[in-house]
Amino acid sequence: MGSIKCNWADSSGGKLPLLVSFWGNEDGGSRRRGLKVMREKIKNSWVEFNDFARKALEMGRSDPRKVIFAVKMGLALSLTSLLIFWKGSYQDFAQYSIWAILTVIVMFEFSIAGATFIKGFNRGLGTLCAGILAFCFAELSVVAGKFEEVVIVISIFLTGFCASYLKLYPTMKPYEYGFRVFVLTYCILMVAGNRTREYSQAVLTRLVLIAAGAGVTLVVNICIFPIWAGESLHKLVVKNFKDLATSLEGCVNGYLKCVEYERIPSKILTYQAADDPLYNCYRSVVQSTSEEDTLLGFATWEPPHGPYRHNYPWENFVKVSGAVKHCAFTVMALHGCILSEIQAPADRRHVFSNELQKVGSEGAKVLRELGSKLEKMEKLSPGDILKNVHEAAEQLQQKIDHKSYVLVNSEGWEIGARPMELDLEDLINAAEDENMKLGSKSLSEAVLEVRSVSVGTALCYDAKNTLRTWPSNVSANGGSMVKGDEFKTYESASALSLATFTSLLIEFVARLGNVVSSFEELSLKANFKDPPIINMPPEPCKGVATW
């Protein structure tokens, strides 16, 4: 040790070693900085761990089914692992018990039919076919004698080629996992059988162990708090109705209140998840297609349970959700009007505020009513569920017809020669005289009905009373760096944004009919229960005293 110490000191040339110089020797500043950095890293790691634990607990509280699934998975693995301690006559069960454990890991899924039935069927079928084929080629390889290795290699190539090619066929997509299991099992059986020369025993042992693992998986997953894919699909479609109703009301209210984004989040512009409830609601509806298709494939394998009978029309649930998505695209466009750089002034929006508000509220009411009926599995009540929303849309359309000059630049509505100078009083009188024949389409429209609407620049205020204009060279006081026709173009574009919003809202009402038709078809095929009959109290006879 002494010689090593001397050699170290000599090699360093009288200087401190690297470790000592890093931590500091004289003032200790480097050492303190290093300790500070280490403390910060430990502190950040502890904060991240606490945040992860908190979110994990919140996930379990919000959906207890996930906790139940984890418990069932651990129980199934524990029961299957008992094969390791097998002391019976067949010692191969203990030696190859890993096959049963792997079967549980692969088959056990969140929903019963999800992968428990589908993957179980694929695994069993793939293993059985691989065992039969391996037994046949094993006998052939024994007969081949010195060409045994050649037969095994060629058989593995042909098996891998055929299975990989067939699983790409469109109708074979549900059995893709079965093809993978088939190839894997065949290769393992051929290699293991060639080593032990007991092909039949190897095939039989693995089939029994796989069956044992599948049986444990099915019993645990079905008998202990079963989680059904069909029920999840049902709840997902109901949630889509409620989310779309929330987004519709939010879009209409936000537009009428001139709520605008001070800065549009980049995640919304790139259609990513963002902290905007209005945006997330309709986005979740549009993005639910893949989840619905997955749950549909799982639900078709489920046995009858609860209110869901045999051959239940699960595909109609997806059809109803598709009609809801068709409406969600319109709501997405309505939200785009709020995000648009071209905005109509608040006074023009106020002209149609009552009608727009009524259409939005009635449309959301219809969606919530359909969602409630679907959740309760009830048929629609007698009468037209779309009556009120259709009346609201007709009132909006009539208001547009009466005040359509608000939505466009009326100065371009020339049919013939138009007077260049007209008194304001004459224009108002012209608006009140229905029998007056005008040279243009409407002289009252030309003044934008000055009693209620004033023509201004395309100005609007956001929630923080921050002025927003389009284009950017329009000043806040109504002045502009552009003159004449160019400014009128900007003004006309801002008015057309209001026309876009109103037309999209009317289009939404038109698409609601498809949702109702799809729901009625589902209620008939699924045999929903009749709605409860509400007995109205009899009206008292006139002239008869009642107490």
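This report covers the fold, confidence and selected side-chain contacts of a predicted protein model.

Residues are numbered from 1 along each chain as its sequence is written, and side-chain values use heavy atoms, with hydrogens and water left out. Local features need pLDDT of at least 70 and side-chain atom pairs count only at pLDDT 80 or more, while totals for chains, interfaces and linings use all residues.

## Overall build

The protein chain has 21 helices and two strands. Both are DSSP runs, numbered from the N terminus: helices are H or I with at least four residues, strands are E with at least two. Of the 547 residues in the protein chain, 39% are buried. Buried means under 20% relative accessible area, exposed over 50%, and partly exposed in between (1.4 Å probe, protein chains only). A contact means heavy atoms within 4.5 Å. Among contacts with a separation of 6 or more, 77% join residues 24 or more positions apart.

## Confidence

The predictor's confidence in each residue is its pLDDT, from 0 to 100. The protein chain averages 76, and 71% of the residues score at least 70. Confidence is highest in helix α17 (residues 353–376), at a mean of 93, and lowest in helix α20 (residues 443–446), at 37. The pLDDT is below 50 over residues 434–483, a stretch with 99 contacts in the model beyond near neighbours in sequence. It also stays under 50 over residues 543–547, for which the model has one contact beyond four places in sequence. Where pLDDT is low, the predicted coordinates should not be read in detail.

## Annotated spans

An unreviewed UniProt entry carries the annotation "transmembrane region" for residues 67–86, 98–118, 125–144, 150–170, 177–195 and 207–229. UniProt positions are given in the numbering used here, feature names are shortened, and annotations may be inferred rather than shown by experiment.

| Span | Helix | Strand | End C-alpha distance |
|---|---|---|---|
| Residues 67–86 | 75% helix | 0% strand | 31 Å |
| Residues 207–229 | 78% helix | 0% strand | 28 Å |

## Aromatic pairs

The structure holds 15 aromatic pairs. Rings of Phe, Tyr and Trp (its six-membered ring) pair if their centres lie within 6.5 Å; planes under 30 degrees apart count as stacked, over 60 as edge-to-face and the rest as tilted. F137 and Y186 are edge-to-face, with 6.3 Å from centre to centre and 80 degrees between the planes. F137 belongs to helix α7 (residues 112–144) and Y186 to helix α9 (residues 176–196), so this pair ties together parts that are 49 residues apart in sequence. Y186 is buried, at 0% relative accessibility.

F157 and F161 make a stacked pair, because their ring centres are 6.4 Å apart and their planes stand at 15 degrees. The two sit four residues apart in helix α8 (residues 148–166), separated by about one helical turn. An α-helix has 3.6 residues a turn, so residues three or four places apart point the same way. Both F157 and F161 are exposed. Elsewhere, one aromatic cluster is formed by Y308, Y312, W314 and F317.

## V181 in helix α9

V181 is placed in helix α9. V181 is buried, with a relative accessible area of 5%. What does V181 contact, leaving aside its neighbours within four places in sequence? The partners are R123, G126 and T127. The C-alpha atoms of V181 and G124 are 8.8 Å apart in space, at 57 residues apart in sequence.

Q343 lies in the loop between α15 (314–339) and α16 (346–351). Is Q343 buried or exposed? Q343 is buried, with a relative accessible area of 4%. Its side chain reaches the backbone oxygen of C337 at 2.9 Å. A polar contact of 2.6 Å also joins the side chains of Q343 and R349. Such a contact is a pair of N or O atoms within 3.5 Å; within protein, one must be able to donate a hydrogen and the other to accept it, and residues adjacent in sequence count only if both atoms are side-chain atoms.

R349 also lies over the face of Y255, at 4.1 Å from the ring centre. A charge sits over a ring if NZ of Lys or CZ of Arg is within 6 Å of the ring centre and within 35 degrees of the ring normal.

A346 is found in helix α16. A346 is partly exposed, with a relative accessible area of 39%. The C-alpha atoms of A346 and C258 are separated by 6.7 Å, although the residues are 88 apart along the chain.

## Helix α13

Helix α13 (residues 277–286) is mostly covered, with seven of its ten residues buried. These are L278, Y279, C281, Y282, R283, V285 and V286.
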